[in-house]
Amino acid sequence: MRLTAYTLGETAPVLRPAPPSRDWMDLTDQRYAYRCLPLTIANSHGWELLAPHTVDVYWGGGKFAADIRIVPADKPADFAMSHFGHGVLTLRTGYLFQTEPAHNLYVTGPVNRMKDGCFPLSAIVETDWLPYPFTMNWRFTTPGGHVRFEEGEPFCHIFPVRRALIEEVTPQVMSIHDAPELKARVKEWIDSREQFNADAKVEGSEAQKQGWQKNYARGRLPNGAPATEDHQTKLIVRPFAPAEPANDGPGAA
């Protein structure tokens, strides 16, 4: 699948594959947060846009666009601006993105990156036909709030999704008792987890040396058997690279 980012001016925010690491995860005891493989996969599932310069933004609490103040005031037009009011800060991406037919872009804030006082608003954009760019929006959570975006700080995260896939899903609820094979695997996991936690309290035990169970990280069932052939422990997300000019149109490179 091809994803094309057309620059709209002489300069545009840096666009990079999202890294799996996070500062707050580095600071956890023994970096235990990285033991959660679903977390690190989500961290790196897409691309981040980085702020081209530092801006401080203040919201007075009112509903008008003028109630947001951006400093420095001489640079809001090329990156940060107040457009919608009601405490919403709008950040320009600097690109027009195009996906292949029937694919959208999921646009959200930097995944698993917290920002005190401001919350990213997520959107899904039909980028296979859209001839104009979208913006990334954040909403203040507290009147009188202040937020800073540092130069080089991620402010937007994107990844493609197939349009209408969610509408093809047939969700259902059933009792685990109606799936005896799965029920047995769940019990096996519960027993294994309880035994491991008990053994981990024993000084010098193998469980204590391991520190934590690694079955999910290794893509294995509680009995040690491989669960799937396509288990992922990391994502290899390609960086955006210059492309040769081609015909206009969705997905053109």
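A164 is found in the loop between strand β14 (154-162) and helix α3 (165-168). Helices (H or I, at least four residues) and strands (E, at least two) are DSSP runs, numbered from the N terminus. The model is predicted: local features need pLDDT of at least 70 and side-chain atom pairs count only at pLDDT 80 or more, while totals for chains, interfaces and linings use all residues. Residues are numbered from 1 along each chain as its sequence is written, and side-chain values use heavy atoms, with hydrogens and water left out.

**Backbone in the loops**

A164 has a positive phi, near 75 degrees, and is not a glycine. The residue is partly exposed, at 29% relative accessible area. Here buried means under 20% relative accessible area, exposed over 50%, and partly exposed in between (1.4 Å probe, protein chains only).

R31 also has a positive phi, of about 55 degrees, and is not a glycine either. R31 belongs to the loop between α1 (23-26) and α2 (37-43). Its relative accessible area is 45%, so R31 counts as partly exposed.

A cis peptide bond runs from V71 to P72, with omega near 10 degrees. P72 sits in the loop between β5 and β6 (80-85).

**The sheet**

Three strands make an open sheet, ordered β5-β4-β13, with antiparallel pairing. β5 (68-71) and β13 (146-149) are the edge strands; each has a single partner, so one side of each lacks a neighbour in the sheet. On average, neighbouring strands are turned by 20 degrees against each other, direction ignored. For such angles, axes are lines fitted to C-alpha atoms (for helices over the stretch in contact), and values run from 0 to 180 degrees between N-to-C directions.

Two strands pair if DSSP finds at least two bridges between them. β4 (residues 55-59) and β13 are joined by four bridges and run antiparallel. Within β13, F149 stands opposite V55.

**Charges over rings**

K115 lies over the face of F149, 4.6 Å from the ring centre. The charged end of R69 sits over the ring of Y58, at 4.5 Å from its centre. The criterion is NZ of Lys or CZ of Arg within 6 Å of the ring centre and within 35 degrees of the ring normal.

**Aromatic pairs**

The structure holds eight aromatic pairs. F79 and F155 have ring centres 5.0 Å apart and planes at 75 degrees, so this pair is edge-to-face. The pair links distant parts of the chain, 76 residues apart: F79 is in the loop between β5 and β6, F155 in β14. Y95 and F97 form a tilted pair, 5.6 Å centre to centre with 40 degrees between the planes. Rings of Phe, Tyr and Trp (its six-membered ring) pair if their centres lie within 6.5 Å; planes under 30 degrees apart count as stacked, over 60 as edge-to-face and the rest as tilted.

| Residue | Relative accessible area | Class |
|---|---|---|
| F79 | 0% | buried |
| F155 | 0% | buried |
| Y95 | 9% | buried |
| F97 | 2% | buried |

One aromatic cluster takes in W47, Y95, F97, F134 and F240.

**The core**

The largest nonpolar core has 30 residues, and F97 and F155 touch the most other members. Such a core is a set of buried Ala, Val, Leu, Ile, Met, Phe, Trp, Tyr and Cys residues joined through side-chain atoms within 4.5 Å. Leaving aside neighbours within four places in sequence, F97 contacts residues including L3, L15, L49, L105, F134, I158 and F240. Contact means heavy atoms within 4.5 Å.
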